[in-house]
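Hello,

Here is the structure I promised to pass on. My notes follow below it.

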Amino acid sequence: MEPIRIDEFCSARFVHHLCFSPNGERAVLTVSTAQEDRRGYTHTLWLYTPADGSLRELTGTGSCKTACWDGETALLFPGEKDEEISALREKGEEITPVMRYDLSSGEKTELFRVPYTVLSIQPAAGGYLLSIDFDNRRPDLTGLTGEKREQALSAIQAEKDYQIIDELPYWQNGAGWTNKKRTRLALYRDGALTFLTPALSDVLEFHTEGGRVLYSAETFSTVNHHFSTIEEIDLTTGGHTRWLEDGQYDAAGIGWYKGGVLFLGTDKKTYGINENLSTYWIAPEGTVTKIVTPDLDAYNFVGSDCRMGGGTIIRIRDDRVFYIVTRGVYSYVYTLTGENTYVPVTGDGGSVECFDWANGKLYFVGMRGLHLQELYTVDENRNETVLSHFNDGFAAGRYVAEPRYMGFTDRDGVAIDGWVLAPMDYDPEKRYPAILDIHGGPKGTFSTLFFHEMQYWAGQGYFVFFCNPRGGAGKGGDFADIRGRYGTIDYRDLMEFTDHVLRSFPAIDETRVCVTGGSYGGFMTNWIIGHTSRFAAAASQRGIANWFSKSLTTDIGWYFNVDQMGCNPWDDPERLWGFSPVKYMDACTTPTLFLHSDEDYRCWMAEGLQMVNALLQHGVPTRMILFHGENHELSRSGMPAHRIRRLQEITDWFARYAGEPQKS
């Protein structure tokens, strides 16, 4: 048996964006794989037919990441950037061809073009509903020809030298500069494009049915306070209904339900922005009623570095409500019963990434045990059937460590879940180095899923151990609420878990234990090295160093960080400084590697630069690697070559300061 390779994830196939046709006769899903040159990913569409259980790859769809159905036998998607489109965009044009793929003939045809970046397309009201990435500062080229058009294009090119900033957020991770950019809905019909939503409304979610569209949006001109409206437009008459007024709820999932509108949302009054979503129903006359408060974490918080893409996470169909939740250390699809309670539909033992409902059956993309993503269906007794075999051969002949449960009760009486991966060829009579890995979030969760970086380290001869300290998802609002307590109870949980693991596995050399984590895990790594010298080496990834700079620079800083700290820089500066890891770097002695990306606007590179500066001034061995062109998702969806370099940097750093593991 061989160890997991550092590039093993490149042979995985990532499955996402499952979507059934209107009558449920077919489904389309996307499969992504690393390119052979490790410089990117290839995305292909696959067709699933429930009648015969067949799955086949669709040719001619290029690098299309997702598609929408046009009837039962055709798909719609934004066109690719071919040479002609790329040349036009170089001049300043924003052209998107809307493409139609005929399943019976395999032919791809261009239906029309619009002078904007199109994000998605759906047939509606005799035309096509488009979601558009709209820049309010960009000159409108509609109707301009000749010299006037050339002048406008020259002005667009000249403006590329400047970036105007006059709102929050002005940039967003994965999207770049977003100042005065919004997602807008528009209807293309009879050769004309008509915008349906206001210029400064940012559409979050939308659904079409019977010539109408329901959407949620955040509208702002200077600061986005993250409260949503829910609105409906009749695409035939132009009639408009506002179902939910602004300033009341942050709505995260919407749909028509029993003559009114259902939404998942929070008023953020109990646990702040991380509050679990409740289910509300807006009656036809407009009354808003909370119909269930499950205290479940909506959506999938179960971590893995072997998934990609997205898809449907809430579905309201035939007066049935389904959505993904995280409970404990797994994620599920839950459904709302007639008694206004949520019950699980899918089984235990993994995660659900996306799903759809068709012909009275639930289908989902998920991970089960240590197996990577596949397509499944489930019956009324929660018995699951696998329908695909995309990853059956993944890691064949490799050592894949089985997670050993190491849960314990901390000194406050709180149950903490944790696991250990034993090194390949583990011999209790030998001594081994170990790595504590800390999840992000903090509202995330580790589970028993395959995690490439951890399995790679286990194959290299490390014990790897990981847990879910307080602040994480899956155990309700009280467990997740660490506002104003970062680095206190969560730090104690991590240190007690480390003690628990070391007591349980005497083969671990306690002088050769390393620590790493990303995002919130990066914050905790930064905090740990300022509060204990027990770790031989550390690798801090995309972490927080300073709550002042984090609050005042990053894409979510002005609301997320202020909420999590319970104050802003002016109300209680001593509090913010007291919870900033960089404050304690004069006490740090741990050799520490820092990893950041220059397009990570969630935990900007300024955080890592401050830490490196502080450690160098205090004579602590340190190194920082900055990845160009990557963002906060480097370890999960970054360029494969960059992901390999990242993992090699961390592994080399640990070997340098904790010693190479002994190989059998």
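**Overall fold**

Of the 664 residues of the protein chain, 58% count as buried (under 20% relative accessible area; over 50% is exposed, in between is partly exposed; 1.4 Å probe, protein chains only). This is a predicted model: local features need pLDDT of at least 70, side-chain atom pairs count only at pLDDT 80 or more, and totals for chains, interfaces and linings use all residues. Residues are numbered from 1 along each chain as its sequence is written, and side-chain values use heavy atoms, with hydrogens and water left out.

Along the principal axes, the C-alpha atoms fill a box of roughly 75 × 55 × 55 Å. The protein chain exposes about 26,200 Å², with 48% of it from carbon and sulfur atoms (Shrake-Rupley method, 1.4 Å probe; for residues, only the protein chains shown count as cover).

The protein chain has 12 helices and 43 strands (DSSP runs numbered from the N terminus: helices are H or I, at least four residues; strands are E, at least two). Among contacts between residues at least 6 apart in sequence, 59% join residues at least 24 apart (contact: heavy atoms within 4.5 Å).

An open antiparallel sheet has four strands, in the order β16-β17-β18-β19 (strands pair if DSSP finds at least two bridges between them). β16 (201-209) and β19 (240-244) are the edge strands, each pairing on one side only. From one strand to the next, the twist averages 25°. Six bridges join β17 (residues 212-219) to β18 (residues 229-234). Arg212 stands opposite Asp234 in β18.

The axes of α5 (residues 489-504) and α6 (residues 520-529) come within 11 Å and cross at roughly 80° (lines fitted to C-alpha atoms, for helices over the stretch in contact; angles run from 0 to 180 degrees between N-to-C directions). So α5 is roughly perpendicular to α6 (65 to 115 degrees). Asp490, Tyr491, Leu494 and Met495 in α5 meet Tyr520, Met524, Trp527 and Ile528 in α6.

**Ala536**

Ala536 is in the loop between α6 and β41 (537-541). Ala536 counts as buried because its relative accessibility is 13%. Beyond its neighbours within four places in sequence, Ala536 has contacts that include Thr511, Arg512, Thr590 and Tyr657. Ala536 and Thr511 are 25 residues apart in sequence, yet 6.4 Å apart in space, C-alpha to C-alpha.

Best wishes

Key:
Parallel < 35°, antiparallel > 145°, perpendicular 65-115°, else oblique.
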